[in-house]
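I opened this notebook to record what I looked up, entry by entry, for a reader who is new to the structure. The sequence and the model come before my notes.

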Amino acid sequence: ISEAMAAKLNQQIKEETYSAWIYKAMAYSFEDMNLSVFAKWFFKQSQEEIEHADKFAKYLVNQGAKVKLTEIPAPKTDWASGEEICEAAVEHEKKVTKMIHDLWDAAHTEGDKATLSFLNWFVDEQVEEVASTTELLEMVKLAKTPGQILMLEGRVWRMVESRS
Ligand code: MG
């Protein structure tokens with residue numbers, strides 16, 4: 001693969017790792033709110049983002065390109081509510097979707113068929129990511145009282161279980 005493409009994929013390793021860091025911060029915020037099932041959902045999400053970063057790294061290794069790890073910025077830690085966290089998670093996944101689509105466009109422009117094929121998995125994965133975070137947000141919006149939020153945890157628990 002081209003040096004330009006390798007640089008772009010290395011940048012995405014950083015973005016996926018940053019996503020993991022963001023979700024871990026969100027998980028600890030839910031722990032602060034004593035909503036441990038939501039925390040579990042976000043810890044799982046964080047773990048998946050590390051897996052995404054490793055997928056990019058493994059692909060670079062397979063292509064004989066160098067993996068370059070960089071500094072990761074500090075994530076936001078002062079969230080006002082669970083709803084605010086879920087809204088930010090949806091927005092973040094939409095941002096990552098745009099990044100993946102930009103990578104796909106770049107690979108397409110270069111005629112880099114192997115990278116296009118590799119990225120297809122991420123194109124599909126982002127559809128899932130936006131759908132699952134949006135589902136979580138819609139449920140949080142419906143739960144208005146502490147009792148409703150606790151009941152909602154049962155459903156979130158099933159979401160976490162079905163993803164593992
Ligand atoms: Mg990801």
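Which residues form one aromatic cluster? I find that Tyr23, Phe30, Phe38, Trp41 and Phe42 make up this cluster.

Before going on, I note that this is a predicted model, in which local features need pLDDT of at least 70 and side-chain atom pairs count only at pLDDT 80 or more, while totals for chains, interfaces and linings use all residues. Residues are numbered from 1 along each chain as its sequence is written, and side-chain values use heavy atoms, with hydrogens and water left out.

Entry on the chain. I looked up the secondary structure and found five helices and zero strands, where helices (H or I, at least four residues) and strands (E, at least two) are DSSP runs numbered from the N terminus. The C-alpha trace spans about 55 × 25 × 25 Å along its principal axes. Of the 164 residues, 45% are buried, a word that stands for under 20% relative accessible area, with exposed over 50% and partly exposed in between (1.4 Å probe, protein chains only).

Entry on the metal. I looked for the protein donors of the magnesium ion and found Glu16 (OE), Glu49 (OE) and His52 (ND1), which lie 2.1 to 2.2 Å from the ion. Donors here are N, O and S atoms within 2.8 Å of the metal (3.2 Å for Na, K and Ca), and water is not among the atoms, so sites may look incomplete. Glu16 lies in helix H1 (residues 3-32) and His52 in helix H2 (residues 36-62), so this pair ties together parts that are 36 residues apart in sequence. Both Glu16 and His52 are buried.

Entry on the aromatic pairs. I searched the whole structure and found 10 aromatic pairs, counting rings of Phe, Tyr and Trp (its six-membered ring) whose centres lie within 6.5 Å, with planes under 30 degrees apart called stacked, over 60 edge-to-face and the rest tilted. Phe30 and Phe42 form a stacked pair, 5.3 Å centre to centre with 25° between the planes. Because Phe30 lies in helix H1 and Phe42 in helix H2, the pair ties together parts that are 12 residues apart in sequence. Phe30 and Phe42 are both buried. Phe56 and Phe118 form an edge-to-face pair, 5.3 Å centre to centre with 80° between the planes. This pair links distant parts of the chain, with Phe56 in helix H2 and Phe118 in helix H4 (residues 113-142), 62 residues apart. Phe56 is buried at a relative accessible area of 0%, and Phe118 is buried at 15%.

Entry on the cores. I then asked how many residues the largest nonpolar core has. The answer is 25, and those with the most contacts inside it are Met26, Phe30, Phe38, Phe42, Leu136 and Val156; such a core is a set of buried Ala, Val, Leu, Ile, Met, Phe, Trp, Tyr and Cys residues joined through side-chain atoms within 4.5 Å. The elements giving two or more residues to this core are H1, H2, helix H3 (82-110), H4 and helix H5 (146-163). Apart from it lies another core, of 19 residues, among them Ile13, Phe56, Leu116 and Phe118.

Entry on charges over rings. The charged end of Lys55 sits over the ring of Trp121, 4.1 Å from its centre, where the test is NZ of Lys or CZ of Arg within 6 Å of the ring centre and within 35 degrees of the ring normal.
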